[in-house]
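Good morning, colleagues. Please have the sequence and the model open while I speak.

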Amino acid sequence: VPLQASGGGLVQPGGSLRLSCAASGRIFSINNMGWYRQAPGKQREMVATTTSGGRRNYADSVQDRFTISRDNAKNTVYLQMNSLKPEDTAVYYCKADVKRSWSEPAFDYWGQGTLVTVSS
């Protein structure tokens, strides 16, 4: 199941960006969708996740600045990032927990990553 992420770029501190990630192909259902990031020299970390029912979870470092949302009809997850800080600089990856048919188990699929750079 390909996941296509987009929306990264260069932004000044205090600015905003909106990331999008769309899943395509043979999809029966998607449970959790989320965003993760990996800064240079650091491990990948969870940024925000959302269930198909809309329950959301955020990393402490982005609480009240980032908002995750999803459009289930479009199999798409979004990440609105406000008040960006230099420490938010990272490659951002989306992940989706996808069932390809009713009889198959769910697997995690990852997007290719999109670079977010926060710098003046």
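Predicted model: local features only at pLDDT ≥ 70, side-chain atom pairs only at ≥ 80, totals over all residues.

Tyr 58 is buried, with a relative accessible area of 15%; buried here means under 20% relative accessible area, exposed over 50%, and partly exposed in between, with a 1.4 Å probe and protein chains only. Residues are numbered from 1 along each chain as its sequence is written, and side-chain values use heavy atoms, with hydrogens and water left out.

Tyr 58 lies in strand β6, residues 56-58. Strands are DSSP runs of E with at least two residues, helices are runs of H or I with at least four, and both are numbered from the N terminus. Beyond its neighbours within four places in sequence, Tyr 58 is in contact with Met 46, Val 47, Ala 48, Gln 63, Phe 66, Thr 67 and Ile 68, where contact means heavy atoms within 4.5 Å. For Ile 68, 10 residues away along the chain, the C-alpha separation from Tyr 58 is 8.5 Å.

Not counting residues up to four places away, Val 47 touches Trp 35, Tyr 36, Arg 37, Asn 57, Tyr 58, Ala 59, Val 62, Phe 66, Leu 79 and Tyr 92. A nonpolar core is a set of buried Ala, Val, Leu, Ile, Met, Phe, Trp, Tyr and Cys residues joined through side-chain atoms within 4.5 Å. The largest one has 31 residues, and those with the most contacts inside it are Leu 3, Trp 35, Val 47, Phe 66, Leu 79, Met 81 and Tyr 92. At least two core residues come from each of β1, β3, β4, β5, β7, β8, β9 and β11. Strand β9 gives the most, with 5 residues. In soluble globular proteins, nonpolar side chains tend to be buried together.

Buried residues make up 42% of the 120 residues. Among contacts between residues at least 6 apart in sequence, 54% join residues at least 24 apart. The C-alpha atoms fill a box of roughly 50 × 25 × 25 Å along the principal axes.

I turn now to the loop between β8 and β9, which holds Asp 88. Is Asp 88 buried or exposed? It is buried, with a relative accessible area of 1%. Leaving aside neighbours within four places in sequence, Asp 88 contacts Arg 37, Arg 65, Phe 66, Ser 83, Val 116 and Val 118.

Most residues other than glycine have a negative phi. Asn 75, in the loop between β7 and β8, also has a positive phi, near 50°. At 22% relative accessibility, Asn 75 counts as partly exposed.
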